[in-house]
Structures are given as structure tokens and as C-alpha cells.
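Here is a short note for a colleague who is opening this entry for the first time. Please read the points with the structure in view.

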Amino acid sequence: MKRKMLSHEIVNGFTSAIRGRNLYPCYQPQINHSTGRMVGAEALMRWCHPDFGLQFPSDFVPVLEQNDLIYWADLYIFECVCSFLRKCLDSHAPVVPISVNMSRFDIYRHEYVDGIEKIRKKYDIPVKLLRIEITESSAIGGMDLMTATIGQLKACGYVVEMDDFGSGYSSLNILKNLDVDIIKLDMGFLDGDIGGRGGIILSSVVNMAKWLDTPLIAEGVETLEQADYMKSLGCNYIQGYLYAKPMPEKDFLEKLYQTEHEPIAPSMKLIDTMNAGKFWDPDSMETLIFSNFVGAAALFAYQEEKLELLRVNEKYTRELAMNLSAQEVIGLDMRQGMDEHNWSVYENTIKKAIASGDEETCETWRDLHSKCCGDDRICIRSFLRVIGRAGQQFLVYAMVQNITAEKKNYREVYESDQRFRHASEQANVYAWEYTIATKEMRPCFRCMRDLGLPAVVKNYPEPAIAAGIFPPDYADMYRDWHRRLAEGETNIEGIIPLTVGRVPFHIRYTLESDENGKPLKAYGSATMVVNMPNEKESA
Ligand code: C2E
Ligand code: CA
Ligand code: CA
């Protein structure tokens, strides 16, 4: 009768399963998706019971763990793998490194490393053909124990893989503290959602792995779309049903003959201007500074038009003022929030920072959305600096200021100025603006139209005097007004007959100064003295 085995059947049947070779490894190839070559394989335990049929580890491994039997099962599988490799080596069959799973319960067995070493030596297998997979959850038993075990394994020459990376909430912490050689990332938790949040988590992890110089294998890859997506992130190593299901030894040997092999390449080296790796260590001084002492800051990876936010500090999320969490902010697609113009300004600034190795600044508008605040458009001043590089990918440190209020203020002043101009059009007033420092005059539209003035009149008031707008007998007085404005006189007014027609106008100047009292601009206006309602509009 084919069915799942019950706990007592597993415990009672264990010894005879080993003796009868009903417990055995299946092998699942690991492939470089770019080249199609095999880079390794994982040994996965199977139990084929004569009565109950094929049993999967998710059903029997927990029972073995609870009953202190997993250690023997793991050593047995390790021995099966060594025996298989020996057969391959003896018959000159092609081989790839095989990964073997280590239960977190094996960590409590201090003799585990000695145990596998004895077996490896018995079969005389080069240590580089064996890899040990440790799951992230092993850290539950204490980091010290895990660190010690990894240290022992590495001292013997084993490649150590971190299995199921990203499943625990303290992944970052664990990764920085453990000296693992390869990271395995399970795509299962994405549920096919690589366009949404899952994809963002994935790309962050891939980037993290890159900055840590650690190769990454994506596991549970079932579709070409997933594999291509991982490749686009720079992760080429794939293990999953897309290429092959776990298979018995005989089939795997055939596969070894059919497929070309290559070693797992060490990941790209980070060219450091500072120790970027320390940004991932929650206890490092860099992190302390990042979270507490600098202003609003973010860390992102940039590569040809692609930008990936990796980390933001508290102040950054506050600066956006949208009541978003750090995780939500990281999930935002920065590029999507920008229109073409703003994106190109931002990207050019990144490129400038890459070229100069210095801090570069820009101001860009972004559209943001949050549950509580709805949609908003904010202006961000960014100070960008490249702090690391891996291949064509750059790690960029960004300090930001939200200058939306500043910009809106400016906008309001600008708009009120516009309103003033429109009003003067209606009210039959000639208006202009005179800049003290540059002696430039900017006339209103009416001045331009009626008096034929350009948009900017330089060396004012000389051209207006030369043109006869101000008659010669008033010229010196009018020149003197501008000298008095430059000296800080706030209001000047008088009646001046203008143009050859000597039409009397009431001319007024109001001075604007900066906070230190330094004169900046004077606003001039001219209204006809004899003011009749609906005065003649020049037709
Ligand atoms: P794991 O180490 O994360 O192994 C990967 C699991 O994902 C395997 O399940 C594999 O068959 C499955 N898998 C591979 N590609 C795909 C895919 O494309 N789609 C899906 N949905 N699944 C895929 P399996 O063989 O059932 O093993 C389950 C777990 O049992 C393993 O997870 C591992 O934690 C444990 N295990 C397996 N063999 C051993 C062993 O020898 N010793 C110990 N201690 N644990 C083992
Ligand atoms: Ca595994
Ligand atoms: Ca896994």
C-alpha cells in the first residue's frame, strides 16, 4: 500500500532501510544558465519503502531529527556520495562537485566533521569534489556553534554553502558573520511573482551576495522566465525542475556524460574605495554612522539604466515624508517615479559621479504613492558618491534632502510675480524690475509692446534715456534715482514727463533687499497722472 509512513514506522524501519539500501541519494544538477554547463549537483535523500513506496524528506527528515537518527542518515548519504564519486573516478567518468545536506541537528554532534572526514578518506575523494550545505536556520542553535562548525569544515577544505538563504529574518546578520563560500537562494517563496515585491527581495539579495563576493545558486527554478530573470540580475547558477528533477544515480551518471562541465567561478571582485561590505554588518561602525549620524541616506546599485535601492536609513524614509516603511521605500521603483527628463538628470549625475569619483549633486522630481498620503510629487536634492564597483555595477551612496517646500515657495513667489504682471496689464500700469547688481531691467509686456523694449535692457537706464523715453532734462535725476536705490533707499517716486509727447507719469520705485539689508532689486511702475477710467488703450 503506497502511503506516507507514520512516525513509528520511520523510526522502527530506519536501520533496515539503510541495510536494505532503501535509503539513497538522488542527484539534481546545478547548471550555468548562460553556458548550459553543469557546475555541480545536490544529493537529496530518498527512502523507497518496499510496502509504502517512495518517501520524501519533508515527511521523514523531521522524524529522524526528533529521534536523533538524522546524524546517521546524513553520514550514510555522505558515504553513498563518496562511493559514487569513487566509482566515477575509477572508471574515468566525468565528475562534478556534489553538495551534501547537513541537518542543523548535526551541529550538536561535535564529531560530525570527523565523521565525514573518515568516510572521505576511506574512499579517497578529493575534498574539492564535496560541498556541505548548512541551512540558515542552524543559527537557531547559536551562532558560535555554527561558526565553529563552518570553521572546522573550511579548515578541512570543504566548500560551505548557505542553504535556503533569505528564509530567516536575520539573513543579513548571519551572512556577514559566517564565512560561507556559496549562497543558495530558494525561489519557491516567490510563487512566480518576480515582477512584484518578490522580485525586489530577490534582486536585493543578489546584489548583497555580489557585494560580499559570494557566488549564488538559485534553487527551485521552474520556468525559463525565472531563470532569465535571475540571469538579468547577474545570477547564472540555476538548480531546478527547469533543467532537471532529482534523479537516481544511474540517470545522473548518464547526465554527467551528456553535459559539459565547468567550475563555479569566484564572483567579481569589489574595487573598494571603502569597505562596502561593512555596510551589511549591523554592528559595524559604518552601519552605526549610516543609521544614526548622517542625514537621510540611501545605498543603491546602478548598472546601465538600472537602479536598485539596497538600503535606506530611518532619516531617509522620514525625509520622503510619505509615512512609508524602509521596506516599502526599498520596494519603490525609483525610475518609474521619475519622468524622462528627471530620470536623465539623475542618471547623468550618477555617471558624473562614476567619472569623477567625487560627490555630484542634482535636483529631481519624483512621484510617490503611499497608503496614508496618496500621491504626491516631491523634489529631492541628491548628493551622489560611488563607493564601490563590481564589473559594470556601481555601489552608490546617496545623501538626500527633500526640497519640495523650498521649490513650492519659489513657485509661489514666481506665480505671485506673474499675477502682478497680469494685474498691471489690466490696470494700465507700466511695470518693470531693476536688478541692482547687474543694472538689468526687465520690462512688463506692455512696456515691450508700447515702447519697443527687449525682454532684458542692459545698463539701465541709459538705453531708455538714449531712446528718448526719458527726456534729457530729467535724465540726470533719473540716473540719480538708480544710484540712490543701490545705496539702499527703499522708496523713490516723482512725476516725470515721458516720451517726446512729454506725457506726465507717476513713477515709483520700491526696493527689495536681502536679510542683511543688501539691495537686490527695485520694482518700478509708471502710471499716467491724468487717470481716466478705461483710458485709451493703444488700439
Ligand atoms: P533543500 O535542501 O532546500 O532541497 C531542495 C528541495 O527542492 C528538494 O526537495 C528538491 O527536490 C526541491 N526542488 C528542486 N528543484 C525544484 C523546483 O524546480 N521546484 C520545486 N517545487 N522544488 C524543487 P526534497 O528532495 O524533497 O528535499 C526537501 C528538503 O529535505 C531539502 O531541502 C533538505 O532540507 C532536506 N534534505 C534532503 N536530503 C537531505 C539529506 O540528505 N540530509 C538532510 N539533513 N536533509 C535533507
Ligand atoms: Ca539543500
Ligand atoms: Ca534549499
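1. The calcium ion (ligand 3) lies 4.1 Å apart from the calcium ion (ligand 2), and Asp163 coordinates both. The model is predicted: local features need pLDDT of at least 70, side-chain atom pairs count only at pLDDT 80 or more, and totals for chains, interfaces and linings use all residues. Residues are numbered from 1 along each chain as its sequence is written, chains are lettered from A and ligands numbered from 1 in the order in which they are written, and side-chain values use heavy atoms, with hydrogens and water left out.

2. Which protein donors does the calcium ion (ligand 3) have? They are Asp163 (OD), Asp164 (OD), Glu219 (OE) and Glu219 (OE), at 2.3 to 3.1 Å. Donors are N, O and S atoms within 2.8 Å of the metal (3.2 Å for Na, K and Ca); water is not among the atoms, so sites may look incomplete. The donor residues follow the spacing D-D-x54-E in sequence.

3. Asp163 is buried at 5% relative accessibility. Glu219 is also buried, at 10%. Buried means under 20% relative accessible area, exposed over 50%, partly exposed in between (1.4 Å probe, protein chains only).
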